[in-house]
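Subject: Structure handover

Dear colleague,

Here is the structure we discussed, with the sequence alongside. My notes on what was found follow below.

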Amino acid sequence: MPHWLQTLLMLREDQLIRWGRAIFWVCLMAGVFFALASVFTYRLVNVRLAEMVEWQVQTLAKDAEVLSANSASEKRLLASC
């Protein structure tokens with residue numbers, strides 16, 4: 001730390017060393033927490049929700065197939081009337 005900044009903040013060198021160690025550990029834990037939160041979010045979005053979306057897509061495809069089959073039979077029925 002520059003001497004002028006140390007004077008401006010009214011810090012002694014032993015205070016810088018002590019607070020520097022504490023800040024290092026706080027920043028390290030914040031980095032670990034951020035990494036874990038990122039992995040959790042990635043897993044949640046790309047793995048868990050992808051399975052749910054895939055299930056919904058399959059369900060909608062089956063529903064569309066049933067509806068298209070019904071509409072074809074209804075058209076034949078209407079044509080015969």
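**Findings**

At 47% relative accessibility, F24 counts as partly exposed, because that class lies between the 20% limit for buried and the 50% limit for exposed residues. Please keep in mind that the model is predicted, and that the values here are computed from it.

F24 also has a ring partner. By the rule used for ring pairs, the count comes to one aromatic pair. F24 and W25 form this pair in an edge-to-face arrangement, with 5.2 Å from centre to centre and 75 degrees between the planes.

Both residues of the pair belong to a nonpolar surface patch, which F24, W25, L28, M29, V32 and L36 make together. The patch covers about 620 Å². One of its members, M29, sits in helix α2, which spans residues 13-80. M29 has a relative accessible area of 48%, so this residue is partly exposed as well.

The protein has 81 residues, of which 2% count as buried. Its accessible surface comes to about 7600 Å². Carbon and sulfur atoms account for 71% of that surface.

Regards

Key: Residues numbered from 1 in each chain as written. Predicted model: local features only at pLDDT ≥ 70, side-chain atom pairs only at ≥ 80, totals over all residues. Heavy atoms only, no water. Patch = residues over 30% accessible without salt bridge, like charges linked within 9 Å, V, L, I, M, F, W, Y side chains within 5 Å. Areas by Shrake-Rupley, 256 points an atom, 1.4 Å probe, with all protein chains shown as cover. Salt bridge = Lys/Arg side-chain N within 4 Å of Asp/Glu carboxyl O. Helix = DSSP H or I, 4+ residues; strand = E, 2+ residues; numbered from the N terminus. Buried < 20%, exposed > 50% of the residue type's maximum accessible area, 1.4 Å probe, protein only. Phe/Tyr/Trp six-rings, centres within 6.5 Å; stacked < 30°, edge-to-face > 60°.
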